[in-house]
Amino acid sequence: MERTRVVQALRSTAPVDDIQIMGWVRTKRDSKQFTFLEVNDGSCLKNIQVIVDSDVPSYSELEGINTGASVRLRGKLVESPGKGQKWEVQATEIALIGAADPEGYPLQKKRHSDEFLRTIAQLRPRTNKYGALYRIRAELAQAIHRFFHERGFYYVHTPIITGSDCEGAGEMFQVTSLDMNTPPRANGQVDHSQDFFGQSAMLTVSGQLSAEVLACSLGNVYTFGPTFRAENSNTPRHAAEFWMVEPEMAFADLKDDIDLAEAFLQYLVTHIREHCSEDLDLFTRFVDKELSATLDNIAENAFVRLPYREAVEILQKARPKQAFEYEPTFGEDLQTEHERYLTETHFQKPVVVYDYPKSIKPFYMRVNDDQETVAAMDVLVPRVGEIIGGSQREERLEVLEGRIADMGLPREEYEWYLDLRRYGTVPHAGFGMGFERVLMFLTGVGNIRDAVPFPRTPGHLHF
Ligand code: 4AD
Ligand code: MG
């Protein structure tokens with residue numbers, strides 16, 4: 001069906017004799033001789049105003065048209081005499097496509113809470129806020145591809161089903177086949193995953209190890225896909241299923257990695273401001289009044305680069321004036337409250353913390369000369385905290401073998417990974433950026449359950 005999207009109609013430079021619009025009715029208002037409809041088709045934040053004169057032959061269709069109904073409209077695009085819009089449609093034909101029971105339709109013309117809207121994930125993208133959020137999400141994904149494409153990175157696909165726990169945190173979901181025909185084992189138990197793959201299979205927590213394989217032959221690559229974590233942390237920043245962007249560069253060290261992360265975040269902020277200004281405006285005006293300033297700050301300033309050791313010292317000095325629930329201690333991970341103190345209070349800008357203690361980081365990170373820390377980095381931003389985690393990878397065969405042994409990892413499962421160090425090893429580095437966390441940062445949205453259209457969190461799998 002030929003149709004003009006509302007976004008195009010509203011950008012028109014001249015009247016149009018005959019256009020067809022299809023969308024959902026936001027409001028319907030009757031006056032003596034006319035009915036006014038506000039119609040939204042998801043192509044932009046704005047609705048198009050449609051005036052239906054009672055002379056229009058299909059006028060009676062209006063009876064069944066209420067808020068939420070889907071409609072098809074034909075008419076003339078004319079300059080609007082009213083305030084608030086440049087163009088409006090004078091309908092010549094109107095048809096109801098799908099009715100919506102006005103009693104039952106959950107989206108009323110009032111402000112609904114985010115909590116309520118989470119219970120109707122099937123309808124919330126029809127609200128202004130969530131429509132805007134998911135359009136920005138779509139543009140953000142495009143911007144990510146553009147950034148890497150412009151820099152000659154290859155987009156590679158890494159597996160979702162995997163046999164290895166990249167982060168070594170044991171927070172994986174197991175994959176089982178539901179082939180009920182598999183006979184039980186001698187002990188009566190059925191392990192469908194074992195029977196299908198001949199070994200346990202999990203959902204990936206990170207594509208990194210596979211991305212390293214591809215970087216160590218193609219040069220610079222990135223993967224961008226869903227990742228899964230069975231961490232039982234019921235926080236506004238953790239989801240069990242989220243999207244991660246993971247670049248991996250051959251012949252690169254930690255400094256190259258941090259430079260890339262900084263350029264990447266700045267690019268994304270600038271891109272979204274340029275390409276989603278109308279949608280973003282909703283968030284700067286109604287969601288976070290500080291958002292504009294925060295985004296300016298990230299786009300224009302170099303990030304602070306701070307060794308972990310100094311970060312802990314700053315946090316320790318901040319006490320007792322600054323009350324932390326968790327004491328900042330060398331050898332322990334920074335807590336959200338610490339990340340927020342550094343970015344919001346102390347530096348008031350993004351902070352890259354690097355050289356973390358070896359003891360709290362995974363096996364693959366490159367051991368520094370001090371033998372105590374590894375070449376790891378986290379990018380922390382105001383409000384959201386950690387948005388990127390990355391490192392230079394251990395490229396020395398013996399050191400890596402030693403780390404695998406020290407951490408008690410099953411060596412035989414990493415032979416393929418060791419091969420990258422055995423044959424033509426190179427310094428290489430990469431990071432993972434939480435896609436939803438960036439979206440939260442860009443829009444001021446405070447809960448990851450809203451940045452994902454269909455959130456999966458502990459105790460929650462809506463459909
Ligand atoms: O810091 P993480 O765990 O790093 C890795 O997985 C590395 N293997 C990445 C790499 O070097 N290629 O995760 C990376 C980012 C975090 O900084 C955070 O933004 C996001 O992924 N993240 C989550 N986002 C939402 N929900 C969760 N449960 C997340 N866990 C991590
Ligand atoms: Mg991390």
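Which strands does helix H9 lie across, and at about what angle to S12 does it run? Helix H9 (residues 308-318) lies across S11, strand S12 (351-357) and strand S13 (373-381), and its direction is about 110 degrees to that of S12. Angles here run from 0 to 180 degrees between N-to-C directions, the axes being lines fitted to C-alpha atoms, for helices over the stretch in contact. Helices (H or I, at least four residues) and strands (E, at least two) are DSSP runs, numbered from the N terminus.

Before I go on, please keep in mind that this is a predicted model, in which local features need pLDDT of at least 70 and side-chain atom pairs count only at pLDDT 80 or more, while totals for chains, interfaces and linings use all residues. Residues are numbered from 1 along each chain as its sequence is written, and chains are lettered from A and ligands numbered from 1 in the order in which they are written.

Let me turn to the sheet. It is open and mixed in its pairing, with 8 strands in the order S6-S9-S10-S15-S14-S13-S12-S11, where two strands pair if DSSP finds at least two bridges between them. Strand S6 (154-155) and strand S11 (304-307) each have a single partner strand and stand at the edges, so one side of each is left without a neighbour in the sheet. Further in, strand S9 (residues 220-228) and strand S10 (residues 241-250) pair in the antiparallel sense over 9 bridges, and Asn220 has Met249 of S10 as its bridge partner.

Back to H9, which also packs against helix H10 (residues 336-346) at an angle of about 80 degrees, with the axes 11 Å apart. That makes H9 roughly perpendicular to H10, a label given to angles of 65 to 115 degrees, whereas those under 35 count as roughly parallel, those over 145 as roughly antiparallel and the rest as oblique. On the H9 side the contact is made by Ala311, Ile314, Leu315 and Ala318, and on the H10 side by His338, Tyr341, Leu342 and His346, a contact meaning C-beta atoms, placed from the backbone, that lie within 7 Å.

Finally, the ligand. Of the 25 residues around ligand 1, those that come nearest are Ser206, Gln208, Gly389, Gly432 and Gly434, where near means a C-beta atom, placed from the backbone, within 6 Å. S10, strand S14 (385-392), strand S15 (428-434) and helix H13 (435-443) each supply at least two residues of this shell, and S14 gives the most, with 6 residues.

How values were computed
Contact = placed C-beta atoms within 7 Å.
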